[in-house]
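This report is meant for a reader who is meeting the structure for the first time.

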Amino acid sequence: MPKPAPLELPEGVRLEYLAEGGANVIYRFVATPVKDAKWPVSNVTINSIEHSSLPPELRGKLLRLRKETTVNTPYKEIAQNFNSVIRPLFSQEELVDQTLIRLPEGLIHRYNEQLRLLEISGRRPKKRHGGYLAVNEPFGLLITDMTAFDEPGTILAEFKPKWLTQSPSAPALARRCRTCALREMKNHEAREVAAKEQRSFCPLDLVSEHYEHVFRATAFIAGCNDRARLAHILYSSSTLRKLQSRQKASGKVGLYGPTGISQTTSLGMTLRDCTMFVKIPRDEKSPVEIRLGDLDLKCSTGGKAEYWKYIELQLIDGGWYHGSHSSQTLSNCSLRNTPATNRAPVQP
Ligand SMILES: O=P(O)(O)O[C@@H]1[C@@H](OP(=O)(O)O)[C@H](OP(=O)(O)O)[C@H](O)[C@H](OP(=O)(O)O)[C@H]1OP(=O)(O)O
Ligand SMILES: Nc1ncnc2c1ncn2[C@@H]1O[C@H](COP(=O)(O)OP(=O)(O)OP(=O)(O)O)[C@@H](O)[C@H]1O
């Protein structure tokens, strides 16, 4: 059967900047009147987007546009990898879906202009200034909208679970997990140049079998004031456990990852840098929606695999896993007090 043609973004649809990361910018759809009778839409104000007035394909979706980066993997390849490598690992309800959509001509230039204006008006995070959309990218990605703007009372908690198991090449007597060790090393460097330090949870707490540890982790998750409710949701989240087991299965990371092109390493790193979205309705009886996003298969070429090994060596040789630096006295890593004899064996 021939493949269906990719969707096309109608000319008249306007976009509102929502957020961005290092490699992508995320937009909401703002329905505006268009001449094309195929897409009848009515006038709406920002923050109360009438989804019923959007073409059905765009309802409940956001638009993700790719930035120009050193890696520059085309969305077509990202979407193919998502379908062949990521999709089989999770169920449909556990993923922020991705669908290619062809962009109208001139759209990227218009929205690059808007990014410049957002910089001037202070609506773009400073650290993202100077990064713009890739002008040669013909596609955008329609992604599942996890925002709660259109659902009063619903809240969204968002965080990166990071490394849910210890690095396989961490020293056996480590008193820090991979994520806490790296954060503490980066904070040490930040302090030296008077830059802002990062505070976050220990990922091992997130998947702990002790509820109190999960509760401890929620102190660092923005978006949900009801920490106990969030902790209960995470404690019983099968998606979090599945992510952990998929990470374990892609264990060729740290010093053990092959150098150069390797899909196993790419997958291993991708699963350790994705985002978890938790959409919590006000009514405790309504279902909670938990999805994983930003699962673009990382590219292990271009020095990335070497960089990951270099980081691991720095953590080992620099003593960051041991927590022996004077700057590491205050840590909330779940391994910080563990007596060596009780520690779980490091994976082979
Ligand atoms: O190195 P880490 O663990 O700090 O993770 C990087 C992320 O930092 P953060 O999660 O904010 O601490 C970093 O996130 P930000 O750009 O800081 O939001 C990227 O996701 C980076 O991946 P890539 O180089 O864009 O493929 C991530 O780099 P990778 O190590 O996953 O390649
Ligand atoms: N499906 C979604 N629903 C709601 N918000 C989203 C969604 N996807 C992304 N976002 C918001 O946009 C931000 C950037 O998105 P995304 O993670 O895709 O960018 P990125 O450039 O790949 O990030 P990174 O720098 O981590 O590589 C997210 O941190 C989140 O706040």
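The protein, shown here as a predicted model, is divided into domain 1, which covers residues 7-144, and domain 2, which covers residues 155-336. Taken over C-alpha atoms, the centres of the two domains are separated by 27 Å. The contact between them takes 16 residues from domain 1 and 16 residues from domain 2. On the side of domain 1 that touches domain 2, the elements that give two or more residues are helix H1 (75-86) and strand E6 (139-144), and of these H1 gives the most, with five residues. That side of domain 1 is made up of ten nonpolar residues, five polar residues and one charged residue.

The residues around ligand 1 are Gly21, Gly22, Ala23, Lys160, Leu182, Met269, Asp273 and Lys298. When this shell is sorted by class, it holds three nonpolar, two polar and three charged residues.

Around ligand 2 there are 20 residues, of which Ala19, Gly21, Gly22, Met146 and Asp294 come nearest. The elements that give two or more residues to this shell are strand E2 (14-20), strand E3 (24-30), strand E4 (61-66), strand E6 and strand E8 (275-280). By class, the shell around ligand 2 has eight nonpolar, seven polar and five charged residues.

The description now turns to the helices. Two packed helices are described by the angle between their axes and the distance between the axes. The table gives these values for two pairs.

| Helix pair | Angle | Distance between axes |
|---|---|---|
| H5 (211-218) and H6 (227-235) | about 120° | 9 Å |
| H3 (178-192) and H9 (304-317) | about 80° | 10 Å |

With the angle of about 80° between their axes, H3 is roughly perpendicular to H9. In this contact, Ala181, Leu182 and Met185 in H3 meet Ile311, Gln314 and Leu315 in H9, and the residues divide into five nonpolar, one polar and no charged.

How are H5 and H6 oriented to each other? Their axes meet at an angle of about 120°, and the two helices are therefore oblique to each other. H5 passes H6 in a right-handed crossing. From H5 the contact is made by Tyr211, Val214, Phe215 and Thr218, while H6 brings Arg227, Ala228, Leu230, Ala231, Leu234 and Tyr235. Sorted by class, the residues of the contact of H5 with H6 are eight nonpolar, one polar and one charged.

Terms used:
Residues numbered from 1 in each chain as written. Chains lettered and ligands numbered in written order. Predicted model: local features only at pLDDT ≥ 70, side-chain atom pairs only at ≥ 80, totals over all residues. Axes fitted to C-alpha atoms, helices over the stretch in contact; angles between N-to-C directions. Helix = DSSP H or I, 4+ residues; strand = E, 2+ residues; numbered from the N terminus. Parallel < 35°, antiparallel > 145°, perpendicular 65-115°, else oblique. Left-handed = near helix turned anticlockwise from the far one by under 90°. Contact = placed C-beta atoms within 7 Å. Nonpolar A, V, L, I, M, F, W, Y, C, P; charged D, E, K, R; others polar. Near = placed C-beta within 6 Å. Domains from an automatic or database assignment.
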